[in-house]
Amino acid sequence: MSRETGVDRYTLNYSNIDVDLVRTMQPAGKLYYTVLVILAAIAGWGGYAWSVQLRLGLGVAGITWPVGWGFYITTFVFWVGIAHSGTLISAVLFLFRVRWRSPIYRSAEAVTVFAVMTAGLFPLIHMGRPWVAYWLMPYPQMGGLFPNFRSPLVWDVFAISTYLTVSVLFFVTGMAPDLAIVRDRTVGWRNKVYGLLAQGWQGTDRQWKHYTAAYVFLAALATPLVISVHSIVSWDFAMSIIPGWHTAIFPPYFVAGAIHSGLAMVLLIVIPMRRIFNLQPYITGEHLANMSKMLIFTGLILGYAYGIEFFIAWYSNNVYERSLFFYRAFGDYAWALWLLVACNVLGPSLFVFRRVRHSIPAIVAISVFVNVGMFFERFVIIVTSLGHSFDPFTWKVYVPRWPEVSILAGSFAWFFLLFLIFAKLFPVVSMWEVKEQLPLPRKEDTHA
Amino acid sequence: MSETNRRDFVKILGIGSAAGLAGCTRTAPDTLTPYVVPPEEMVRGHALWYRATCRECPAGCGIEARVREGRVHKVEGNPEHPVNGGGLCSRGQAAVQGLYNPDRLRTPLVRGAGGALQPASWQEALDAASALLAKARGRKDAIGFMTGASAGALDDLAADCLKAWNSARRIRYEPVAYDSVRAANALCFDRPGLPVLRFAEARAIYVFGADPLETYVSPAGYTRGITEARRAGARMVFFGSRLSLTGARADEWVAGEPGRLAMALVRELTAGDARFAAIRKWAEPFTPERAGLKPEVAQKLVREIRANAFLAVAGGVAASDLADAIAVNLLNHVAGAINKTVRFDRASSLDTVSSVFDASGLDALLVVDANPFYTAPPKAAAGGPKIVALSSYPTETTAAADIVLPIHTPLESWGDYEPWAGIHSLQQPAMLPVFETRDAGDVLLKLSGASGEYRDYIRARWKKFASADFESFWKDALKRGGHWEDAPAREVRLTGADLSAQLKPLLENASGYMLQTYASLAHFDGRGANRPWLQEMPDPLTQVVWDSWAEVNPDDARKLGVKTGDRVRLRTPQGQLQLAAYVYPGILPGTVAVPLGQGHTNFGRYANGVGVNAAALVAQAPDPAAGGVRWSGGRVEIERVDANGGLVVISGHDLQESRGIARSRLTGAGAPAAAEKREEPELSIYPEHEHKPYRWAMAIDLDACTGCGACIAACYAENNVPVVGKEEAARGREMSWIRLERFFGPGETVSAPFQVDLTLMLCQQCDGAPCEPVCPVFAAYHTQEGLNGQIYNRCVGTRYCSNNCPYKTRRFNWFQAEWAAPLDWQLNPDVTARTRGVMEKCTFCVQRIVEAKDRARREARPLADGDIAPACAQSCPAAAIVFGNVNDPASRIARLQANDRRYRALEELNTRPAVSYLERERRI
Amino acid sequence: MRSILLALLAVAGVAAAIEPGQPINFSHKIHAGDNKIQCLFCHSGARRSTVSGIPSVQLCMGCHRMAAVNKPEIARVRAYFEKKQPIPWTRVVKEPDYVFFNHSPHISRGVRCQECHGPVETMTQTRLDHTLSMNVCVACHRQRGVSVDCYTCHR
Amino acid sequence: MPEAPRHSVIGFYADVDSLIHALELAKREGLGEVRTISPVPLAEAQRILGGKPSPVRYFTLGGGFFGFLVGWALTIGSVEHYPLIVGAKPIVSLTPFGVVAYICTILFGALFTVLGMLINARLPDVKVGRGYDPRLTGNRFGLQVICGREQVEAIQDKLMDAGAEEVKYVVV
């Protein structure tokens with residue numbers, strides 16, 4: 001087994017890669033459809049909750065004055081964050097020639113696309129008048145009025161839609177050679193559909209030449225997005241003047257947090273997937289351990305950010321900041337703060353022990369904790385700052401109500417539903433890239 | 001002006017104006033209805049103003065009703081009226097919600113054979129009433145005629161009626177009747193009436209448990225007087241066991257039993273003064289120690305009384321003992337205030353009222369616009385009088401009545417009222433009746449068998465005031481709002497009767513808890529409870545909405561194991577109630593205070609079942625000493641029931657936490673020198689933008705602001721601010737554009753001397769507004785005139801602006817606002833009714849700015865300072881809010897901005913608000 | 001369905017030329033076109049108020065006591081007047097509630113009625129053959145150098 | 001106008017060395033227009049085939065530059081058209097507009113990159129199927145030589161000699 005690529009080079013070869021992965025796309029069994037229906041039901045319940053909210057007004061949710069943003073924006077930031085690890089793995093690690101990325105990047109990139117698609121719903125859900133959301137689009141509206149490009153929310157519109165576009169391009173582009181493989185290994189209507197999707201990919205030298213060039217540039221363009229998208233999302237908060245939001249540390253802090261939660265989500269997706277599809281030779285314990293190690297790193301960055309936030313609040317001697325951070329630590333939501341510190345910093349630091357990062361149950365547990373922790377990190381940032389800002393008269397405790405909880409649950413179901421459908425219809429591991437990671441078949445090998 | 005025309009046009013009016021913002025149906029057909037004959041003085045789209053008299057309490061303030069297209073939209077104070085001079089309290093503002101109250105009686109009701117009230121035609125009901133009266137007339141004094149305070153034509157008419165009905169049983173019932181004050185004045189000065197209090201002339205104003213800034217006799221007028229005095233340097237001291245809102249505005253709170261404190265001051269003032277030897281003898285036992293007055297405080301107060309024009313005021317609901325009022329009379333006497341600041345030149349309309357009534361031996365009781373059975377429920381005994389109730393609303397009294405006749409509200413009726421002798425205040429209908437109701441006067445004329453209309457009756461009565469041509473006098477009086485006569489000075493002298501016996505109760509010490517009730521600022525004695533605005537406006541001190549509560553001292557609360565919001569049981573010999581507790585540091589241990597006015601059972605959807613009726617704890621029988629209901633001073637037992645008080649407190653936190661939002665400073669001898677004002681340069685990395693030709697700004701004088709909330713009600717009325725109800729208010733979703741923020745102090749803890757800081761928080765119209773750049777669609781933007789614009793129809797509802805507002809003055813429409821018909825008739829046609837999902841906030845009443853500019857343009861003149869008054873500024877009885885153009889250096893606002901008390905809220909954020917505050921002074 | 005269609009028309013910027021049925025077959029062409037009666041004679045509110053106003057029945061009768069008394073439509077007007085009933089005209093021009101258009105400053109600065117209302121004096125039946133969308137307002141305001149501040153029209 | 005059918009020969013190789021060998025041979029002998037078909041990109045083959053670096057990079061650069069201009073033009077143009085003051089900031093606020101310009105740079109860069117790839121790689125390719133063998137996306141490497149009809153047999157022999165497992169004649 002190679003520590004470098006992670007891929008098990010003694011069992012994998014050009015032939016069985018195709019066989020293994022095309023097998024994952026065989027007609028599904030009962031279990032698959034059961035899970036699918038359950039997820040669809042939960043997502044549908046979330047959709048129902050949204051429809052109630054659309055019909056009656058945002059008042060059915062728990063968000064209120066002065067906590068104008070609650071679960072919805074928390075969930076939005078959460079899903080945008082989840083998206084980040086995909087791009088990190090697929091683009092950044094590609095540029096850095098990290099070879100172990102190949103077998104996991106397809107799932108990671110799918111996580112990105114589906115997470116952004118999920119996240120994109122939340123600004124609509126939280127809006128007072130979603131039916132006029134198109135006013136945020138950059139075109140001359142009534143009387144020649146455009147949206148306000150100074151608003152971080154318009155940056156968000158640009159950043160998120162660009163992120164979705166680039167991720168989808170990267171995802172679809174990266175999949176073209178694999179779709180050709182699938183086309184070539186199937187018959188009947190599947191052959192036709194995948195043929196259409198493969199866009200006539202053959203693998204000629206000309207195709208490969210421009211394809212690899214475009215791949216590098218897409219990766220190069222996606223790389224700054226890893227940093228910028230979550231920086232811009234963090235500016236939704238940092239550009240305001242509310243204590244606890246107005247801080248320069250937010251962009252790196254949010255980016256690290258995004259990758260932290262994203263990696264954990266990829267782990268949570270990949271571990272059951274490799275088991276169900278028997279992909280252990282592709283996604284090995286080494287891959288999981290490598291990602292676990294990254295979690296230690298991002299967890300430490302977060303720990304530092306948490307610490308420095310409190311330190312600066314104290315050191316600034318600013319009455320508003322001090323009061324807010326005291327409130328975060330000991331106020332109504334103190335449980336959430338301590339929970340998130342435990343989940344995001346203490347949990348992943350256990351991965352320093354080799355035993356932990358090679359134990360599947362431990363990885364799953366810690367990944368779940370990280371996702372819970374990251375949700376509450378955003379929750380604490382958003383809710384405590386709004387509920388405890390400048391004028392003490394306005395201090396208020398926010399409690400979510402059933403539509404928010406339902407839509408949150410629905411968003412998870414929606415995300416996993418998309419992934420489940422994806423996993424059955426498309427190769428979850430990039431075949432051509434795994435092949436690329438294998439040594440090229442040489443003359444000696446074939447004669448041996 | 002021709003009244004007939006005005007009456008006719010509304011009949012033919014059909015242009016509705018209220019619809020949501022969502023209207024995309026500009027092409028949909030709709031009906032336009034012109035006038036058949038246009039009313040002369042009316043131009044569609046222009047407001048007309050009709051002057052009248054406010055009848056929401058006995059004060060009798062002058063009002064003017066703004067009418068657009070035949071509908072009253074708003075009520076404002078009449079600037080020419082001698083009682084209030086332009087300001088109007090929140091209850092007066094809410095009169096329109098009485099007019100358009102969805103629960104108003106729409107048809108007469110007659111008790112049927114089954115014992116239930118059934119709708120009847122006017123003819124049937126009037127016939128039934130006439131028959132009833134005809135039967136009862138047979139026996140002398142078998143018919144009672146009950147009204148509230150009613151000096152004026154109605155009084156005359158009542159007398160005529162009773163004469164026709166062979167009776168002399170005239171009852172003027174007011175639950176809050178100041179019996180003790182009147183009894184004390186009778187004993188001390190042989191004048192059984194209320195004094196005329198000239199606050200404006202006093203420089204030391206001592207308030208003994210009374211609430212002249214809230215409900216006491218004539219609050220809007222007194223507020224004006226006290227403000228005037230304060231601007232001239234007056235100091236105000238509050239004596240009492242519970243710090244009321246009036247007390248909160250005082251410079252000093254001397255906690256204790258008011259009568260005892262007054263007597264202690266009398267004792268110190270009369271020491272060695274031969275003129276007051278008798279009084280000194282009565283006062284001898286009242287040593288300062290006994291009253292709980294520190295000797296040095298006593299000495300300081302005595303010095304102050306001697307050096308200044310003095311005025312002490314007693315009584316009200318919260319201190320309703322005769323002894324208290326006598327003590328204050330003696331203090332006024334020895335301080336030389338009688339015949340100077342405390343005068344008896346004019347009789348009050350309240351001089352003839354009583355807080356108890358006797359209906360025994362009556363066969364029929366006619367109740368006109370009063371609700372005695374809310375405070376004093378009818379005895380269940382059979383054989384009581386048959387009751388004919390004339391009322392605009394269902395009330396506890398109409399529920400017990402046999403015949404109910406729906407009458408006009410004051411804004412639809414003719415009438416006059418004489419709150420003080422010689423002040424004849426006129427009432428005229430500002431619009432045609434909303435429902436099939438009748439003018440009470442017309443009904444009474446009919447029942448008494450007289451002919452003619454009530455308007456003519458009033459005109460006939462007014463003939464005696466006219467010096468020359470009556471028609472022009474009448475026209476003039478309608479235009480002015482009434483007719484005011486000068487009152488000759490009338491001096492009174494102390495009778496010299498021995499009052500020591502009456503003062504004796506002040507020496508008694510009782511054990512256990514003392515019950516103090518007080519008239520609610522919003523609902524007074526209960527008559528405002530069906531106005532949703534008044535329910536939703538938080539009580540200034542407790543910040544509670546839609547409820548009643550029992551205030552307990554923190555030490556008592558600890559002993560009882562009670563927290564704010566817990567349910568407690570109050571028990572007196574008269575009854576028991578369960579209500580939420582409110583732990584209030586401004587109440588002395590051993591005292592429990594409950595506001596009056598809630599707990600209605602038959603007063604419409606906004607009042608029924610809200611809170612509890614504190615009158616049930618108080619004996620509705622004459623107190624032997626004062627002759628009226630003893631609202632406060634009785635014993636009460638209190639115990640905790642459970643944690644489910646269901647109290648909704650709007651305020652999120654009681655302390656300012658060093659944020660300097662509501663600031664005050666100590667002034668006067670011995671005050672620390674004011675800190676050197678740091679002039680922070682207004683820094684910006686960007687060049688300033690121009691403000692032309694105007695730059696609007698507002699200044700709020702916290703030294704004048706009393707916290708009465710008139711501005712809030714005015715804002716509700718002017719700006720179509722919806723009411724959300726208790727449940728949504730509990731979630732923080734009340735929509736008021738102005739908040740009265742109340743903080744306890746001083747400093748970071750609640751410690752002695754306890755103080756209350758109040759400030760108004762409304763959109764600060766920042767120059768560097770944090771809300772504006774974050775809006776993705778320019779719904780929030782800045783005008784060239786310095787306004788922080790909010791365009792509702794552009795808003796997409798991200799709520800980012802509200803998040804980023806340091807003052808949190810923006811309100812979001814969580815649901816589609818609803819106004820139960822016909823409350824929607826009140827909506828101001830000049831302001832968009834917001835749809836759900838959009839943000840709204842104070843606009844500095846931009847519609848008034850536009851209107852004033854328009855008017856100036858039509859009249860081809862420049863805008864003058866004072867042309868524009870936003871609704872809040874206009875309504876303020878204390879004139880604490882000033883609005884104007886700071887580009888004009890001569891404007892009042894520009895001058896106030898140079899005042900050294902000026903500060904801006906959260907100034908250090910560099911938001912550069914257009915709203916300035918003037919620090920409150922605490923004079924020592 | 002109808003409202004969707006209307007909304008589509010409005011979105012597409014098509015002037016929905018609705019010719020609503022009116023209780024009286026009133027012709028602006030006869031009054032303002034042929035007889036050259038000034039618009040402000042009947043719609044006098046436009047000069048001094050926000051709304052131009054629909055003339056009262058009394059004003060109609062002012063002329064039609066003498067003019068064209070025998071026409072059947074005039075007889076109907078007279079019937080309304082005698083019964084003291086207003087004429088329930090169908091509204092042709094309507095702005096949404098959040099638009100606060102004020103006639104008087106436009107008239108006093110010499111904006112011709114036709115610039116917004118179209119050639120009404122040629123219409124036998126009044127219709128709106130013009131969209132009164134915000135684009136139209138803003139374009140004219142820009143052209144004349146008048147404020148395009150939002151508060152000019154929205155409050 | 002449909003293109004005239006062209007004749008070609010594909011050699012199938014189980015290993016890269018054989019393919020490279022055949023490719024070198026084909027190049028050396030000038031057998032005709034040659035191309036490789038492989039399941040993975042082959043840097044060695046690219047080197048032998050020569051040619052300029054992929055012009056996709058210019059598309060990326062051009063797209064990025066275009067997006068950058070679009071971003072600035074959109075933001076500055078919009079506020080110049082309807083100037084509204086917000087938060088005491090200048091009408092043309094360059095700092096926040098830079099964010100939009102940056103995002104537009106990335107967006108158009110990515111779109112143009114993909115466009116450049118599609119154009120240069122002649123994708124989507126509708127002609128797939130003719131002369132195409134599914135093994136070549138799997139575990140075989142192919143060398144396709146396009147030639148005249150008369151050369152087919154000779155080239156088939158040569159490719160077999162170079163180590164092909166199999167040769168196939170296809171019309172493309």
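Modeller: Before we start, domain bounds here come from an automatic or database domain assignment, and the model is a predicted one.

Biologist: OK, then how many Å separate the centres of domain 1 and domain 2 of chain D?

Modeller: Chain D is split into two pieces: domain 1 takes in 7–51 + 125–171, and domain 2 covers 56–120. Taking the centres over C-alpha atoms, the separation between these two domains of chain D comes to 45 Å.

Biologist: Which helix of chain A gives the most to the side that touches chain D?

Modeller: Start with the contact itself: 52 residues of chain A meet 53 residues of chain D. On the chain A side, at least two residues each come from α1 (14–23), α5 (152–185), α7 (205–238), α15 (431–437) and α16 (443–447). The biggest giver, with 16 residues, is α7(A).

Biologist: And how many residues on that side of chain A are charged?

Modeller: The side of chain A that touches chain D has 25 nonpolar residues and 16 polar ones. That leaves the charged group, and its count is 11.

Biologist: Let's look at chain A as a whole. What is its radius of gyration?

Modeller: Chain A has 16 helices and 0 strands. For its 448 residues the globule rule gives 22 Å, and chain A comes out close to that, so it is as compact as a globular protein of that length. Its C-alpha atoms fill a box of roughly 80 × 55 × 40 Å along the principal axes. The radius of gyration of chain A is 23 Å.

Biologist: What percentage of contacts in chain A join residues at least 24 apart?

Modeller: Here you look at contacts between residues at least 6 apart in sequence. Among those in chain A, the share joining residues at least 24 apart is 82%.

Biologist: How many residues of α13(A) are buried?

Modeller: Helix α13 of chain A runs over residues 360–387, and at 1.5 Å a residue it should span 40 Å, which agrees with its end C-alpha atoms being 40 Å apart. Across chain A, 57% of residues count as buried. α13(A) is mostly covered, and out of its 28 residues the buried number is 21.

Biologist: Over in chain B, is Gly884(B) buried or exposed?

Modeller: Gly884(B) sits in strand β35 (residues 881–885) of chain B. Beyond its neighbours within four places in sequence, Gly884(B) has contacts that include Ala697(B), Asp865(B) and Ile893(B). The cut-off for buried is 20 or more other C-beta atoms within 10 Å. Gly884(B) has 28 C-beta neighbours inside 10 Å, so it counts as buried.

Definitions and conventions:
Residues are numbered from 1 along each chain as its sequence is written. Chains are lettered from A and ligands numbered from 1 in the order in which they are written. This is a predicted model: local features need pLDDT of at least 70, side-chain atom pairs count only at pLDDT 80 or more; totals for chains, interfaces and linings use all residues. Two residues are in contact if their C-beta atoms, placed from the backbone, lie within 7 Å. Helices (H or I, at least four residues) and strands (E, at least two) are DSSP runs, numbered from the N terminus. Ala, Val, Leu, Ile, Met, Phe, Trp, Tyr, Cys and Pro count as nonpolar, Asp, Glu, Lys and Arg as charged, and the others, Gly among them, as polar. The radius of gyration is taken over C-alpha atoms; the globule rule is 2.2 Å times the number of residues to the power 0.38. A residue is buried if 20 or more other C-beta atoms lie within 10 Å of its own, exposed if 12 or fewer, and partly exposed in between; C-beta atoms are placed from the backbone. The expected span of a helix is 1.5 Å times one less than its number of residues.
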